[in-house]
Structures are given as C-alpha cells and as structure tokens.
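Student: I have a model open and want to check its labels. Can we set each one against its cut-off?

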Amino acid sequence: MRLELEVWRQAGPDTAGAFVTYDVPDCDPRMSVLELLDHLNEQLTGRGEAPVAFESDCREGICGACGLTVDGRPHGWADNLPACHQRVGDRGEGTRVRLEPLRSGVFPVLRDLVVDRGVLDDVTLRGGFASVDTGLAPDADAVPVAHTTAEEALDLAACIGCGACVAACPNGSAALYAGARIAHLAALPIPALERADRARAISRVLDEEFGPCSGYGECARVCPADIPLGAVAAVGRERWGAALHPKRT
C-alpha cells in the first residue's frame, strides 16, 4: 500500500520546524508506526537525505520511548496502544498520515519527532519511590498484602511514563501519571508509611510544572498501559489527606 506522510522536521530546539510531505510506496499493512518511519528513513538515506529522528527502544509496548503524535492523537488511532503497536493497515490506500512530536509546552522539541520528557522524571524524583529503611531484607511473606491489593498496585505501577496523557490533555496535566505513582505506593504497607510526604512533594511539582486536570478523561483513552481514570482521583485524595493530617509523614 502507498501512504502520504506529513512529517514534522526540526533541526534543533532553537530552530523553526515545518511539515514535510513524503510519498511512501510499498508499505506493508502489518507495519507499526515506527516501522513505517524505518521504511521512510531507508528511502531518505538511500537518496542521501537526513533521516527522520524519532525515539524507540523495546518496540514491545513496555518502555514508553515511542511517544509521538499521529493524526493529532498521541501514539495513534487506536485507544490504549503505544505507537509501536499501532498498525498502518488501519489506514486506506493513499491516505495522508500526519506525524509530529508529542505536543505539550512541557515537552520541548529536541529534533524532528524527539522531545525532552525530563519533566516527568521530576514527579518520580520528588516522591515516586519508597525510601523507608527496612533493615535487612524481610521474608517475602513477612508483611502480608491482600491479593486484590497487590494486583491493583501492580496494575497502577504498569505506567510506562510515555507522556501521552500529558500530551492528550488540553491543559497539559500529568494527573494520571502522578496518580498512578501515588496510588500504587499508597496501597502497599511499607511505601504507605511515606504517603503524606509523597503526596505533598508530588503535588508541588504538579502545581509548578503542569496544568490542572481537564476532567474529560482524554488521558485514559490514550494511555498504553490502560491506567484507569480513577488514578487521577488519587492525587486529590492523597493531597487532602496530607493537608488534614499535617503531622503524618
């Protein structure tokens, strides 16, 4: 099949960018969006032109590195799939496909489709971890955790930090990402010992760096880890709990 690609090209963070259109024949319908870019880059390098810069790593939906915008939507056309799992066969022959970076003010463009998502690291560095000193490693069953609780915590911990939720939100909110971090740690006995300090620290970075939650749920529809929208509520719940119990750690 043949596709017409409209790709954002930008040489660097301090230069202006623009869309460039490429005619790409011989596309296999089974190609992912990333494989489509590989196919395009083979043609470009064969003609002595600069390839399109984009990020990828595992290509198995695990790492989150493949975040980009496809036809105005983070990752692509289908809900809850990363770009590396979105298939071009969903488009018709001769369809024009627009590829651009994740669009958010907190994700500056570095080159072409590559953005700096380091601001997400600020959320984790502020409190998305457990630092409780537990001494020697306890036995696996020393601190009992209910099966359902463990499963819910693992489901929330599955967030891959791709940034699609921030790019999808018209306000540039990271509430889904932060909520997944906060909620999965608050659900477990040892990390929960720091839940108030964690909520305060992560809430501060959300206020400093990101916009407020829009409330429409765009984030949950594009999240490749299928983090439920309810994770957003964890931010407010834990924040108010820390405010109402200021002496709690």
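Tutor: Start with N171, whose side chain reaches the backbone oxygen of P212 at 3.2 Å. This is a predicted model: local features need pLDDT of at least 70, side-chain atom pairs count only at pLDDT 80 or more, and totals for chains, interfaces and linings use all residues. Residues are numbered from 1 along each chain as its sequence is written, and side-chain values use heavy atoms, with hydrogens and water left out.

Student: Which residues is N171 in contact with, leaving aside neighbours within four places in sequence?

Tutor: G211, P212, C213 and S214. Contact means heavy atoms within 4.5 Å. N171 and G211 are 40 residues apart in sequence, yet their C-alpha atoms are 5.0 Å apart.

Student: Why is N171 called partly exposed?

Tutor: Its relative accessibility is 36%. Buried means under 20% relative accessible area, exposed over 50%, partly exposed in between (1.4 Å probe, protein chains only). N171 at 36% falls in between, so the label holds. N171 sits in the loop between α4 (164-168) and α5 (175-186). Helices (H or I, at least four residues) and strands (E, at least two) are DSSP runs, numbered from the N terminus.

Student: Why does N41 count as buried?

Tutor: N41 has 11% relative accessibility, which is under 20%, so N41 is buried. N41 lies in helix α1 (residues 33-46). A polar atom of the N41 side chain is 2.6 Å from the backbone nitrogen of V52. N41 also touches P51, V52 and F54, not counting residues up to four places away in sequence.

Student: How much of the chain is buried?

Tutor: Of its 249 residues, 46% count as buried. The chain has eight helices and seven strands.

Conventions. A polar contact is a pair of N or O atoms within 3.5 Å; within protein, one must be able to donate a hydrogen and the other to accept it, and residues adjacent in sequence count only if both atoms are side-chain atoms.
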